[in-house]
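The sequence and the structure follow.

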Amino acid sequence: MSTAAVVSSLGLGLAAQDAAAACRGNWAEGTAYNVGDGVSYNGGKYSALVSHTACVGCGWNPVAAPSLWKTGGDCGTTTPPPTDPPPPTGSGIAAILSESTFNAMFPGRNGFYTYSALVAAANTFPGFATTGDTTARKREVAAFLANIAHETGGLVYIEEINKSVMCDTSWGPPGCGCAAGKMYYGRGPIQLSWNGNYCAAGNALGVDLKNDPDRVARDATIAWRTGLWFWMTQAGAGSRPAHDSIVNGYGFGQTIMSINGALECYGRNPAQVQSRVNNYLNFTGKLGVSPGSNTGC
């Protein structure tokens, strides 16, 4: 073997050893790293720009401290690559939305809002997520979830932050007053508000929400059912219920009109409208369907 070949061989061997030594696997808080050390973090690859000796900077992950790390490197990840979520199974909403996709839509949701309670509630409204072709059904699920994501901060809030009595007996079903000591502020995924809506929803669902409005914040299935009741049956400030608007091709914007059009549409609060639209575009993407036209109101 020639001298050049020997040198080349030794060089390759040393390079391989250095690369192996520099690969430190998944980044771990409290670990000291040297310049050039490679780590994996949240599926990405990073290399240390400075030595984290004596644990200086050990608590800063590669995303939080770009001055300490650069992207790239040859260090593989010990975390398995993400796999496609399993396809949804079942009927109704379960045929459109899998639990894994639901979890991906709401990564920080409150544990109160369970997927099983959503499916159970949706099954009490046979037309929801079953009307029209697959495109229409996917758009309806995305539109419903997009609006409630906005109403609840990503399914974080069960109750309205700024609570008040919200009693007005000038409208609502006959005989629908306000129970003593009860408050009718927003609760549930669509933030059901006002005594008139609590009474009407309770009458439709067969539960006494006039005297026990707090049930919407205690019972996840009832909470989801109140949101679906409004979605399926109430026109609000719109010309028709949100369900009818989305499945009949009027566009996502008309669902906003039904839910809060009096305060948000026609330029009254474009930032709030855009928040809902952004949710809708995100969720239609996750469900693999085009959003359609007329997304704004």
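How far apart are the sulfur atoms of Cys176 and Cys199 in their disulfide? In this predicted model, the separation between the sulfur atoms of Cys176 and Cys199 is 1.9 Å. The angle about the S-S bond is 85°, and the link of Cys176 and Cys199 is right-handed. Distant parts of the chain are connected here: Cys176 belongs to the loop between H4 and H5, Cys199 to helix H5, and the two are 23 residues apart.

Both Cys176 and Cys199 are buried.

By the distance rule, the model contains three disulfides. Another of them joins Cys167 to Cys178, with an S to S distance of 1.9 Å. This link is right-handed, with 100° about the S-S bond.

Cys167 is partly exposed, at 34% relative accessibility. Cys178 is also partly exposed, its relative accessible area being 26%.

## The link beyond helix H9

Cys265 and Cys297 form a disulfide in which the sulfur atoms are 2.0 Å apart. The link of Cys265 and Cys297 is left-handed, with -90° about the S-S bond. Because Cys265 lies in the loop between helix H9 (252–264) and helix H10 (270–287) and Cys297 in the segment after H10, the pair ties together parts that are 32 residues apart in sequence.

Cys265 is buried, with a relative accessible area of 0%, whereas Cys297 is partly exposed at 25% relative accessibility.

Conventions:
Residues numbered from 1 in each chain as written. Predicted model: local features only at pLDDT ≥ 70, side-chain atom pairs only at ≥ 80, totals over all residues. Heavy atoms only, no water. Disulfide = S-S within 2.5 Å. Buried < 20%, exposed > 50% of the residue type's maximum accessible area, 1.4 Å probe, protein only. Helix = DSSP H or I, 4+ residues; strand = E, 2+ residues; numbered from the N terminus.
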